[in-house]
Amino acid sequence: MRWNTWRFSARLAWQDRMVKWTMICTVLFYSAMTGVILFRLIPIGLRSGVLTLHYNIYLGIDEVRPWPWIFLAPMMMLGIILVNQTIAFGMFRHHELAARTLVILTTVFTLLWGVSSFFTMSVNL
């Protein structure tokens, strides 16, 4: 796909109210959740040197790593958001339903990531 084609498709997608507001809400939720996670967990990580990154109800805490690993999950989620939105914007012109589905799935993934990150944060507090 050429740049002009993608840009035209992205412009059409941005004019669609559902795509526009779903993407804005996704980015706002991601930003707020990342801010809360990092604001709450960095001081704990600096004090103890390690953070719990995974909790399993059957086994308990099963992954403890040095505190800088806390940046991995938000970076991975940002990558997923960027890739999915770029693909959705690029294919909106020809496959509107698939692009809308991808935008909604990105929102669902972000919400699930936010819930799991909240519970991971709760284990560390």
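In which crossing, left-handed or right-handed, does H2 pass H4? H2 passes H4 in a left-handed crossing, a crossing being left-handed if the near helix is turned anticlockwise from the far one by less than a right angle, and right-handed if clockwise.

This is a predicted model, in which local features need pLDDT of at least 70 and side-chain atom pairs count only at pLDDT 80 or more, while totals for chains, interfaces and linings use all residues. Residues are numbered from 1 along each chain as its sequence is written, and side-chain values use heavy atoms, with hydrogens and water left out.

**Helix packing**

Helices (H or I, at least four residues) and strands (E, at least two) are DSSP runs, numbered from the N terminus. Axes are lines fitted to C-alpha atoms, for helices over the stretch in contact, and angles run from 0 to 180 degrees between N-to-C directions.

| Pair | Angle | Axes |
|---|---|---|
| H1 and H3 | roughly 95° | within 6 Å |
| H2 and H4 | about 15° | 10 Å apart |
| H2 and H3 | about 170° | 11 Å apart |

H2 and H4 are therefore roughly parallel (under 35 degrees). Their contact has 15 nonpolar, 9 polar and 2 charged residues. Here Ala, Val, Leu, Ile, Met, Phe, Trp, Tyr, Cys and Pro count as nonpolar, Asp, Glu, Lys and Arg as charged, and the others, Gly among them, as polar.

The angle between H2 and H3 is about 170°, which makes H2 roughly antiparallel (over 145 degrees) to H3. Val19, Met23, Thr26, Tyr30 and Thr34 of H2 meet residues of H3 including Pro74, Met77, Ile81 and Phe89, contact meaning heavy atoms within 4.5 Å.

H1 (residues 3-15) crosses H3 at roughly 95°, which makes H1 roughly perpendicular (65 to 115 degrees) to H3. Trp6, Ser9, Ala10, Ala13 and Trp14 of H1 touch Thr86, Phe89, Gly90 and Met91 of H3. The contact divides into 6 nonpolar, 3 polar and no charged residues.

**Largest pocket**

The lining has 14 nonpolar, 4 polar and 1 charged residues.
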